[in-house]
Every structure is written in structure tokens, then in C-alpha cells.
2 protein chains.
Amino acid sequence: MPTLPGQLTPAPRLLLGPGPSDAHPRVLAAMTTPLLGHLDPQFLELMAETQSMLREVFQTKNPLTFPISATGTAGMEACLVNLIEPGDVAVVCTMGYFGNRMVDIANRCGAQLTVLEAPWGESFDLQRIRETLRAVRPKVLGIVHAETSTGAQQDISQLGRLCHEFNTLLVTDCVTSLGCTPVKLDEWEVDAAFSCSQKGLSCPPGLAPLSFSPRAVDALKARKTKVRSWYLDLTSIMNYWGGERSYHHTAPITMVYAIREGLRIVLEEGLEARWARHVRNHRALKAGLEAMGLTYTAAPHCQLPQLNAVRIPDGVDDVASRKKLLQEFGIEIGGGLGDFKGKVWRIGIMGHNSRPSCVLQVLAALESVLLSAGVKLTAGAGVAAAEEVYATAA
Amino acid sequence: MPTLPGQLTPAPRLLLGPGPSDAHPRVLAAMTTPLLGHLDPQFLELMAETQSMLREVFQTKNPLTFPISATGTAGMEACLVNLIEPGDVAVVCTMGYFGNRMVDIANRCGAQLTVLEAPWGESFDLQRIRETLRAVRPKVLGIVHAETSTGAQQDISQLGRLCHEFNTLLVTDCVTSLGCTPVKLDEWEVDAAFSCSQKGLSCPPGLAPLSFSPRAVDALKARKTKVRSWYLDLTSIMNYWGGERSYHHTAPITMVYAIREGLRIVLEEGLEARWARHVRNHRALKAGLEAMGLTYTAAPHCQLPQLNAVRIPDGVDDVASRKKLLQEFGIEIGGGLGDFKGKVWRIGIMGHNSRPSCVLQVLAALESVLLSAGVKLTAGAGVAAAEEVYATAA
């Protein structure tokens, strides 16, 4: 090794992309707490507290609720690999990049799979899903609640009941919804849900909160084959995060400290207040973006407050503009994924970062970048429109 | 939610079990650095630095060297699920709990598996492995380098060459060796190796450093079927940690900060000095433990310096003794796993915690606990024996 890299001193960023979003300073402070062993009684207590708060945030009483020791997609894989045995019939509804990922994973699990597609930016209506359920009678139906690639929200509030008419388990991707918009697992009869730590919960990435309903646990217990993944095998992990606390793998102690603090912050604010805050800041951001002539990719009836995906104006260079935002203003926004690559920007105002100062900052910086790129717009129009929303909706 | 849990303020511990070991204070400090996006040019630079240092610590030039975004066992699963397709012939050599875990995972990958067993506390001789290789001609041979359940080390320095005579890929579990004892992937011709962050590297648990030789990468590229795990699929992940830096999953930013700092600390000390330090502290600890009448479970020729597994004296209560160590002295040591449950204690002096103050502390506290339990021993004998080693081997 010739010379070692220097001390870690990155230039500061404001993370307003699809995630990670900035971690709350209290979360980062909690992470400096010296380690405990993963079987220390003190740590077992922290686990129980974390689970209890996670149930509250997921709005569920499901005993099997805990964070998977890996990032969000591992939560998706955990749900599918535990509920699907090779040959099981499954349906995945996809309306974007992360729905497609669910298709990929369900295939790797050996599912006999039916894929329902909706145009990117749209969501599914229940009638269409009902017809498929009736025709296919799947064991599992997977769907994304908040499609991070398009900014579209899928209403899943009635979907659990519908699935249960056909004895189907409902698996939902709540990666971008949890901690930002309502997620009510019990009321909505969701059987398996997963999320991440780095968006609505304002922690670093590294954990995938997960919850399984008793119905999903029954399906798990009725498996005829071993779960293909050892690391994600809930039949074993539930003995560590369940009552017995018997060793499975070494829990990522510091990340558990982080999510415990993140959940405390969420619940101190209160879920209703948090959801309302996300809506308010979204209204301001949306007014600003539209005042600058930008249009949303998600249909009006299903726009996520926390993830604002807009079309890049004609003639504006995607990469150069985001680079300018990052280097001159220290602000990160996201580019498009898959079909939307080079065509869409994604602005996330999630968790701790859903606040007026972030909204006004990104509008002002984006306006400046668009003006430099030759876009015809009135300087200050975006910020003014947002300020008006804040003034009236205060 | 009735009342929220309070601020995180656990009583301090000294972690001298099988891991996690205490994180270095500089690592914890680095983790408070605000997040960067996982595609930020600054983060991509940190990734490259981390990979470069990890290669040095693994003593390899393998381009495919990076930390898997999950804890150590996910590294084991990543090696096996990427190199084994259903029906592939594989051999796993097991001499303890973690070898057995490798058997379990290889089976879940669909391997046509031959299991070689050695008694717990022993290691394998090459001749026996050669005969199996000749008879079975496996695609993959898996073995644990440092068996954390028994404290036994497997010499793998000649094993890669042997495997390559039979066109077999060598997969080694370096979870407890990396950063403590020599690991020389290129010289030893190891094809796939994995480790963890929370032992020899003195970071929190949460990452599994992994390295694949060009030969292993060729095998990966020659697969006929998709890797069963999406999250651990190296054919995709290598596009993020490789040259293209294209999105796969959201990297656990803060844990990457941690391991980058941990690797800097390892390389500032130097590998040779670090290995020698582990041996020196082991000699002192061993002298002390033996002076107290404790005997090692690992055979004399294969004792790991960093993981000292000793038999619990007759008549001494395992759980009560460890509880006393934890509550009165704030010291965690490990109990036995599997066959060794209730019979063995495991004392880890790993990474940052391999230092005289830890050795003397644990000896003194253990002596006190054993005396309270009615064991006949001379008070101070253990500490005295260790001090003598330090005095003479200074």
C-alpha cells in the first residue's frame, strides 16, 4: 500500500433524492454508543423496544416485526423467499422499476408467476386485480405501495381484504412510504411488508424493517421445503427476534441503535403530524416545481408527497444539471431509473428532510440551474409559489 | 404507544467474546459523518479507497473485492450461492459450528454435497482432503479458516494449490481470521473468501468483506442459471462495486465509512505488527488461563491466538458465571455453541481489543468469578502468569 487514504472529510450534502435521505443528527449521535454484545440482556431490551416502536410505526400488532440485517431490497427478498416455495403460484403487479425487481426476485424463488403491468406513473385499480386473483388463485400477491421510480402511490387500503377473499397473501413494498405516508398493516390486512431505514425513518441505509401477519407466519410454518436463503430464513431468525433470543447471525448492533433512535423521533412527533408535514411540504414543493414549468410523471390521483418525480425539460442535460446542483449547491436529487433514465428527476423530501428549508433550497437551486441551462422561466417564480403555499397553509 | 423508550444509555461493556468485539473509537467517530448518496462521486471515491485497502488486508490483487451489505454469514451465503448451481458437486469440511453452517447453506444452494468431518477442536490434514478431492472431483470445496466455535485454526496455506490440481474452487471462511492472523489470498490461491467487520477490523457488525479470484469470477460468468439470491447476486453487484458503479441496492453508507476507518487503522499499524500483537497477547492470556487450571478445546498445534476457547471447570455454572462477569465486571465472554454449549467459554482478544489491559482485566475478573464459584486456585496466579509473559516477551 503506497499511501493510505486520508481522514474522512466529505464536502457536505443535502440529500433530496430518492434515498438515502439525510440521517437525523440524533441518530448519528446514537450510533457513537459503544457496542453491546448481540446476546447482552441490555441489547435484548433494546431489541424489544425497537420492535415495539416498529409495530407502532407499521400500525400493527404482528409479533413477527423486526428489522432485517441488510438494506431494503433484502426485505423484499425476505418476504418473497419465505412465502414462496418453488412451484407456488404468485402474482406481481408492477408499475415501475421496483415492481420489476419484485418480478425478478419472485422468479428466482421459483414462483409460477403472473405479472400484471400498469404504465409507469399510474397505479392499479382493484377491479383488475380482482379479475386476476379470480383467474390465477395465487398464494402470494406482491405490489409496491410507493413506487420510488415514478413517484406513484398504490392505494392498498382495500387490497388485503380482496386478497383474503381468494386466500392470497398480500406482500407490500413500503420502502418509500413508511414514516412518510400512512401505512396501516392491520387495518389494511397486509400480510407481509418491508421497508428501509434511510428514507422516512431518517437513519443510514442498512436495515429493512419487516412485518409478517399471523396468516403469513402460518404459511411460513406450513412450508414443505427449507427457505432457500439461510441469511433471510425467518423460520430461524424469528427465534432470535422472537421470544427465545437464540443466536442466528450477529445483529448489526450500531444500526439497531440507529433505528431505535429514528423510531423514537418518529413517535415523538406522532404519525398523524408526520404524515401531515409530508403533505404540506409536498404541496409547497409541487407548487414551486409547477411554477417552473415542470410536470409530474405520476398521475394526479396518485402522487406521493415524499417522492416528487418530474420530467426533465426539453433540451436540458440530465447529468450536467444534477452535477451542477451537487457541486455548486451541495444538493443531491435523483435521476431516472429504467424507462425513465435521462428523462426524469426525482426529488425526495422524506423524514427529517421534509421541511420548508429543504423545499425552498432545492427550488432556488434548481431554478438557478435551469436558468443557466437556458430554460425560459421567471427567476424566483418557483420559490414564490412555494412561499405562498406556506403562507396560506400555515 | 404508552411511553416511549428513553435515550440510549447502556452500561459500558468490554467485549471479549467471539464477536462483536469493541469498535475502535475512531471508527465510531467516523460514523457520525453525515451521509453521502450512494452514487455521489465522493462516495464512489470512498468505495475505491475501501476496496484498495481491503485488497491489501486480504493480501490479494483480486479486482472483485468489496464488503457485502450484510453481516458475516451473508458473506458465506454470497460465496456459496454464487459459485454453486443446483446439482453442482461440492465438498464442505467441517470441524465445528460454522463448518456445519456452511453445510446447511451449501445444501440450500442445491449442491450435491459431500461432508468431511473432523472432531471439534481439531483441524484437517491435507492428505485426507486430497483423497476426497480425487474421489469426488467437486466444483467447490468450502472450509473454515478460523473456527470460532472451537478456537481451532485450519492451515489453508497449501490448500488452494491442492484444490487447483483437481480443478476445484476453494472457498474459505475468514470471519475470525481477517485482521488478527495471516490471510494471504493470492499466495495461498484462495478463490473466494469472506469475513466480517466486527472482529479483527474493530468495526460494528454489518458488513461482510468478500473477495473472488479471477478463477471464481470465471466460474460465476459461466453459470447457466441465475443466482438464486437477488440481494447477493455478484453478477449484478459487481457492476456497482466494479468499474461501472451502476445502481444495484443502496449501499449502507455509514458502515462503509466505518470499515474504511477500520481498514486505515489496520494498515497504519501494519499487518505483520498486528499479527504479532495478537500472538503476544494470546501467549499472555493462555499462560494466565492455564495457570488457573483451564484447558483449551483446540488441539495445541492449531490454537487461534484471537479466539481462546477453554473448558468450563467441573461444577462451575456457565450462565451464572458469565452473568457475574458481565454484571459485576462489565466484561462479556462467549458461551459454547452446538456441541460445546454449557461446556466451553470463548474469550476473544481481537483487533483493537487484543491488548494487555484487556488480557489482564479478563484474567483478573475470571479468577474472581471462579474463586466465588468455589474453584480451588491461587488468587492472582492467572494475572501473574500473564504478567510474566509480558515481562519476558516485551
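This is a predicted model: local features need pLDDT of at least 70, side-chain atom pairs count only at pLDDT 80 or more; totals for chains, interfaces and linings use all residues.
Local features require pLDDT of at least 70 and side-chain atom pairs pLDDT 80 or more, whereas totals for chains, interfaces and linings use all residues. Residues are numbered from 1 along each chain as its sequence is written, and chains are lettered from A in the order in which they are written.

**View 1. The two domains of chain A.** Chain A comprises domain 1 (25–268) and domain 2 (271–392), with bounds from an automatic or database domain assignment. Their C-alpha centres are 29 Å apart. Each domain of chain A gives 24 residues to the contact, defined by C-beta atoms, placed from the backbone, within 7 Å. On the side of domain 1, α4 (97–108) and β7 (152–153) of chain A each contribute two or more residues; helices (H or I, at least four residues) and strands (E, at least two) are DSSP runs numbered from the N terminus.

**View 2. The surroundings of Gly338(A).** Gly338(A) lies in the loop between β12 (331–332) and β13 (344–348) of chain A. Gly338(A) counts as partly exposed because it has 14 C-beta neighbours inside 10 Å; the class falls between buried (20 or more other C-beta atoms within 10 Å) and exposed (12 or fewer), with C-beta atoms placed from the backbone. Beyond four places in sequence, its contacts are Tyr97(A), Asn100(A) and Ser149(A). Gly96(A), 242 residues away in sequence, is 8.3 Å from Gly338(A), C-alpha to C-alpha.

**View 3. The side of chain B that touches chain A.** This contact takes 62 residues from chain B and 63 residues from chain A. On the chain B side, α10(B) gives the most, with 9 residues; among the other elements giving two or more are α1 (25–30) and α2 (41–58) of chain B.

Note on methods:
Two residues are in contact if their C-beta atoms, placed from the backbone, lie within 7 Å.
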